[in-house]
Amino acid sequence: MNGARNVLLYAITATATRMYGLHRRIGVTLAKRIGLVTHRPTRYRVRMTEPATRIDLTSDDYFMGEALRLAQMAYAADEVPVGAVIVQAGKVIARAHNQVETLKDATAHAEILAITQAASVIGDWRLEECTLFVTKEPCPMCAGAIMLSRLKRLVFGVRDDRAGGAGSVFDITSAAGLNHRLEVVASVKEGDARQLLQEFFRERRSAPES
C-alpha cells in the first residue's frame, strides 16, 4: 500500500511541476490534502564545498611542471631525466628533453633542442622575449647557448653542484664580459626535479651490468 502511495505522490508532484511550473513543495501539499501523505517530507541539508584552488597558468611553477613532465618522458626513454620548455608571451613555443642516447649526440641536451625548436618557431635566433624553464641547472655548454640566443629569463629546478653553468660551479650566465644580461631564477620545484634525478641514477647503479 505504501509503495502505491509513493508512486502516486511522485506522479502528482511531477505533473504539478511540469504542467503548472509549480515547486515540488506545492505538489507535496496537494498530496497531503487528498490524504496520500500524513508526514512532513524529509528536509536535506546541502553541504557547500570549498571552491577549487585555481591554477595560475602563467606561473613559474606551472611551466616548470610542464618541464618535469618532459623529464619523466626522458626517464622512460632511459635518458638522463631533464626536460625543458621555452615560453613566449605566456605560451609554450618549444618542448624538449634529453636525447643524448637516442640521437647518439653529446649536444642533444634538453636546453639545446628547445632553443633550436624555439628559433624555428619564431623565425629568429634571438629569443629576447622568451623564458627557458629547465628541470636541472644548465651545463656550461647549455649556459653558453642560452646567453648566445639572448633569452630573457632562465628558470631552473635543481642545482648541479658538479657542473652547473648558472652559478653553482661556472658562472657563465653572469659573466661580466658578455654583452647580454639574463635573469636567473633557481630552485623552482627543486624537490621534484632532484627526486627524479636521484631515482634515475639509483636505478642505473643497481641495474646488473650487461
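Helix H6, spanning residues 140-148, has Cys142, Ala143, Ala145, Ile146 and Met147 as its buried residues. Buried here means under 20% relative accessible area, with over 50% counted as exposed and anything in between as partly exposed (1.4 Å probe, protein chains only). Helices (H or I, at least four residues) and strands (E, at least two) are DSSP runs, numbered from the N terminus. The model is a predicted one, so local features need pLDDT of at least 70 and side-chain atom pairs count only at pLDDT 80 or more, while totals for chains, interfaces and linings use all residues. Residues are numbered from 1 along each chain as its sequence is written, and side-chain values use heavy atoms, with hydrogens and water left out.

What do the buried residues of H6 pack against? Their partners are helix H5 (110-122), strand S3 (130-136) and strand S4 (153-158), where contact means heavy atoms within 4.5 Å.

A disulfide calls for a pair of cysteine sulfur atoms within 2.5 Å, and a search of the whole structure turns up 0 of them.

Next, the nonpolar cores. A nonpolar core is a set of buried Ala, Val, Leu, Ile, Met, Phe, Trp, Tyr and Cys residues joined through side-chain atoms within 4.5 Å. The largest has 29 residues, and those touching the most other members are Ile86, Ile115, Leu127, Leu132, Ile146, Leu151 and Leu154. Two or more residues of this core come from each of strand S1 (83-88), strand S2 (91-97), H5, S3, H6, S4 and helix H7 (190-206). H5 gives the most, with 5 residues. Setting aside residues up to four places away in sequence, Leu127 touches Ile86, Ile115, Ala118, Ala119, Ile122, Ser149, Arg150, Leu151 and Lys152. Another core, of 9 residues, lies apart from the largest one and includes Met64, Val85, Val87 and Val155.

Over in S3 sits Thr135, which is buried, with a relative accessible area of 2%. Beyond its neighbours within four places in sequence, Thr135 is in contact with Met64, Ala67, Leu68, Ala71, Pro81, Val82, Gly83, Gly157, Val158 and Ala193.

How do the axes of helix H3 (residues 60-76) and H7 cross? They come within 11 Å and cross at roughly 5 degrees. Axes are lines fitted to C-alpha atoms, for helices over the stretch in contact, and angles run from 0 to 180 degrees between N-to-C directions. On the H3 side the contact is made by Leu68, Ala71, Gln72 and Tyr75, and on the H7 side by Asp192, Ala193, Leu196, Glu199, Phe200 and Glu203.

As for the whole chain, there are 7 helices and 5 strands, running α-α-α-β-β-α-α-β-α-β-β-α from the N terminus on. Of its 210 residues, 35% are buried.
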